Amino acid sequence: SRAGSTGDRGLQADAEKEIMSALAKGKGQKQPWAALALGVYGHALAEAGTPAPPNVVLAVRAEAKKEKQPALIGGYAIALGLLKDSESAEVLLGMLDKKEFSTDEARGNIAVGLGLMQATEAVDVLNAVIKKVKFRPDLLKQTAIALGLLGDKTAVPELVVMLQEAKGLSAQAAIATALGFIGDTNSV
């Protein structure tokens with residue numbers, strides 16, 4: 001049944017237990033997918049007026065801290081964002097600077113996780129990333145999504161200049177998408 005519904009609470013508890021087990025004991029990609037499932041579950045509970053169980057949040061945070069693979073960190077970062085785990089903001093900010101998470105995909109997912117959890121302390125760092133990733137459209141777009149989620153419009157003038165100077169279609173599309181996510185009237 002859907003998290004927070006008045007349906008069978010036993011079924012909900014069984015599902016939570018099963019996913020928590022997959023998070024703790026899963027191998028390979030199973031763990032970050034379990035983290036993501038728990039993030040969606042916790043988010044649904046919050047939408048229904050019930051906070052995510054603390055053991056769920058703590059378990060996802062603990063597994064995120066252990067992860068070393070850039071291809072897998074995204075599931076944890078997005079899950080922590082969906083869980084609104086503001087205590088993980090410092091952990092995710094630290095990951096942005098770690099060499100092992102230097103891929104655009106990893107850094108983009110970490111940025112979105114920070115945006116989802118409303119980590120306003122990340123605004124300056126994310127604006128600095130925007131200035132450095134002019135020719136990396138995927139990371140540019142994900143970072144802009146994070147800034148849009150945080151309601152920060154500081155990057156708009158920089159993005160407008162980038163759009164004026166962009167030569168390639170993929171760069172133009174990414175910058176235009178970034179401006180759309182931030183949603184400032186100057187973007188138009």
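The side chains of Arg136 and Asp104 form a salt bridge, with nitrogen and oxygen 2.5 Å apart. Arg136 sits in the loop between helix 7 (123-132) and helix 8 (137-150), while Asp104 belongs to helix 6, so the pair ties together parts that are 32 residues apart in sequence. Neither end is buried: Arg136 is partly exposed because its relative accessible area is 30%, and Asp104 is partly exposed at 24%. Please keep in mind that this is a predicted model.

How many salt bridges does a search of the whole structure find? There are four.

Take Arg61 next. Arg61 makes a salt bridge with Asp85, and their closest N and O atoms are 2.8 Å apart. This pair links distant parts of the chain, with Arg61 in helix 3 (residues 54-66) and Asp85 in the loop between helix 4 (70-82) and helix 5 (89-97), 24 residues apart. Are these two buried or exposed? Arg61 has a relative accessibility of 12%, so it counts as buried. Asp85 is at 5%, and therefore buried as well. Salt bridges with shared partners join Arg61, Asp85 and Glu87 into one network.

Another pair is Glu63 with Lys66, where the closest N and O atoms are 3.1 Å apart. Here both partners are in helix 3, and because they are three residues apart, about one helical turn separates them. Glu63 has a relative accessible area of 13%, under the 20% cut-off, so it is buried. Lys66 has 55%, over the 50% cut-off, so it is exposed.

Now a charged residue without a partner. Arg107 is found in helix 6. Arg107 is buried and yet has no salt bridge. Which side chain of opposite charge is nearest to Arg107? That is Asp97, 5.5 Å away, and a salt bridge needs a nitrogen within 4 Å of a carboxyl oxygen. Leaving aside residues up to four places away in sequence, Arg107 touches Leu96, Phe101, Ser102, Val129, Arg136 and Leu139. Among these contacts is Arg136, the residue that bridges to Asp104.

Helix 6 covers residues 104-116 and also holds Asn109. Asn109 counts as buried because its relative accessibility is 17%. With residues up to four places away left out, Asn109 touches Gly74, Ala77, Ile78 and Gln142.

For contrast, look at Lys132 in helix 7. Its relative accessible area is 68%, so Lys132 is exposed. Lys132 is 122 residues from Gly10 in sequence, and their C-alpha atoms are 50 Å apart.

A word on the backbone. Most residues other than glycine have a negative phi. Lys84 is not a glycine, but its phi is positive, about 55°. Lys84 is in the loop between helix 4 and helix 5, and it is partly exposed because its relative accessible area is 44%. Gln118 also has a positive phi, near 60°. Gln118 lies in the loop between helix 6 and helix 7, and with a relative accessible area of 39% it is partly exposed.

Finally, the fold. What are the elements of this protein? There are ten helices and zero strands. The radius of gyration is 18 Å, close to the 16 Å that the globule rule gives for 188 residues, so the protein is as compact as a globular protein of that length. Along the principal axes, the C-alpha trace spans about 55 × 35 × 30 Å.

Buried residues are 46% of the 188. Of the contacts between residues at least 6 apart in sequence, 65% join residues at least 24 apart. The accessible surface is about 9,700 Å², and carbon and sulfur atoms account for 56% of it.

To return to charge, the protein has 21 positive and 21 negative side chains. The centres of the two sets lie 4 Å apart.

How values were computed. Residues numbered from 1 in each chain as written. Predicted model: local features only at pLDDT ≥ 70, side-chain atom pairs only at ≥ 80, totals over all residues. Heavy atoms only, no water. Helix = DSSP H or I, 4+ residues; strand = E, 2+ residues; numbered from the N terminus. Rg over C-alpha atoms; globule rule 2.2 N^0.38 Å. Buried < 20%, exposed > 50% of the residue type's maximum accessible area, 1.4 Å probe, protein only. Contact = heavy atoms within 4.5 Å. Areas by Shrake-Rupley, 256 points an atom, 1.4 Å probe, with all protein chains shown as cover. Lys, Arg positive; Asp, Glu negative; His and termini not counted. Charge placed at Lys NZ, Arg CZ, Asp CG, Glu CD.
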